[in-house]
Amino acid sequence: MRAFGTAILLLASFGIPACAAEPDWPAVERHAMDLFRRYVRIQSVNPPADTRETAKLLQAEFAKAGLEPKLYEAGSAIHTNLVVRLPGRDRTAKPLLLLNHMDVVPVDPKQWKEAPFGAEEKDGFIWGRGTLDMKSLAIQQLTALILLKQLGITPPRDIVFLSTCDEESDGVYGAGWMIANHWDELNPEYVLDEGGIGSKDLYADGKTVFGVSVGDKQVFWLKVRATGTSGHASQPIPNNANDILLRAIEKAREFPASSKTNPIVQTMKDSIGTFAQNKFMNAIQQNTISLTTLRSGVGDPPKVNVIPSIAEATLDCRLLPGQNAEEFLSEIKARVNDSRVTFERLSSPSDPGPSRTDTPLYQAVRAAILKEHPDATVMPLIIPYGTDTQKFRKRGVVGYGIAPMIIDAATLATMHSDSEHIPVEEFRAGLHIYFDVLRSQF
Ligand SMILES: [Zn+2]
């Protein structure tokens, strides 16, 4: 009796009449927004990536809906991951995995005008760390999954929801740990994660475009070291390690014109025509190199009148899917062509290649977006940063990244900044889109 009473109450709290096929959207939206704000208020900052409280909040929400979430402590009790499964019609089919992370990057409270963990509503936005990255999307995923359960909609295959603890530090205890230790619980056909988004100005000026990420650029870090001759700075010499390093970096960053366009970039061009001019679109069209550190000098603090014999720099290179890292490095070495300069690999990328788009899930995502935004273009996308999806692509899983919201480039740039915020209306629209995806045949 008690269970029955609880179920009725919860159906009411989610706004679902007992026999309806459609949710009571105003009630669902209110509940989801309230949950989202409570989620943002939990300070799951990484480091240390203590996700016990966030996991508890999500666990309680799933349990109230009659699902059975499981918590996993990875390494230590603070690193908590959460898994919950909704059975589908075909139990032999591999599941769809809804992937999200509970951790957020740190804040400098002095720089924030709003309370960084206040989740205040102001000017049509919710303000706070994690509103964009990615507590909003996690609540959209959770809400859609719970709606299926509440409405008695059985998906074509199992849906597994995974919230991880440390995506912001490369997923060592989160996605990486779950893959290494509990692969049998996951083993998905598809992953839906963060990555792509909708925008009216990010991809092409004045066009509503949703980019569904199908591949992450490869992270390739290099240390460059120049060796020269030390001496008294009063008498300049050609063999100054600093000069050698600067010339080498300049040469390294001279990009040869690429002979062929990346196929995903070509598909994007075919879809939307002229790209918008911004750093995001620049980064996803080509391999890039950012000079991130410079280190040289003798003494601490380094002496101004001493020419050092060693100078070092690090380069954060991001390679397009399909680009071979060793070939990229050989090209740089050939351009630099200086025996006094050495390159050390600080990371070794392995490229799983982009995910294909000829899948029922991609079609379901596209159809759900177009239902809400009939004038939109939906296209595949490469993203310049890394996500946990890449760990699954390396295991042969088809992975897409999409937050189903229209966010302008300026708002998107507040991610990880001291004014992170999200439009209330888009959070609401995303709830509808995600629900439509999950009730499709994928
Ligand atoms: Zn994220």
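Here is a short walk through the structure above, from overall confidence to the core.

This is a predicted model, in which local features need pLDDT of at least 70 and side-chain atom pairs count only at pLDDT 80 or more, while totals for chains, interfaces and linings use all residues. Residues are numbered from 1 along each chain as its sequence is written.

Let us start with confidence. The chain has a mean pLDDT of 94 (the predictor's confidence in each residue, from 0 to 100), and 95% of its residues reach 70 or more. Residues 1-13 keep a pLDDT under 50, and the model gives them 7 contacts beyond four places in sequence; two residues are in contact if their C-beta atoms, placed from the backbone, lie within 7 Å. Residues 15-20 also have a pLDDT below 50, with 13 contacts beyond near neighbours in sequence.

Now step back to the whole chain. You will find 14 helices and 17 strands in it, taken as DSSP runs numbered from the N terminus (helices are H or I, at least four residues; strands are E, at least two). The radius of gyration is 24 Å, close to the 22 Å that the globule rule gives for 442 residues, so the chain is as compact as a globular protein of that length. Here the radius is taken over C-alpha atoms, and the rule is 2.2 Å times the number of residues to the power 0.38. Along the principal axes, the C-alpha atoms fill a box of roughly 90 × 45 × 45 Å.

The chain is divided in two: domain 1 covers 2-198 + 210-216 + 353-438, and domain 2 covers 218-261 + 285-345. These bounds come from an automatic or database domain assignment. The centres of domain 1 and domain 2, over C-alpha atoms, are 40 Å apart. Where they touch, 6 residues of domain 1 are in contact with 5 residues of domain 2.

Finally, look inside. Of the 442 residues, 43% count as buried, with 20 or more other C-beta atoms within 10 Å of their own, C-beta atoms being placed from the backbone. The largest nonpolar core has 110 residues, and Leu97, Leu98, Leu145, Val212 and Val365 have the most contacts inside it. Such a core is a set of buried Ala, Val, Leu, Ile, Met, Phe, Trp, Tyr and Cys residues joined through C-beta atoms within 7 Å. Helix H4 (residues 131-151) gives the most to this core, with 10 residues.

Methods: A residue is buried if 20 or more other C-beta atoms lie within 10 Å of its own, exposed if 12 or fewer, and partly exposed in between; C-beta atoms are placed from the backbone.
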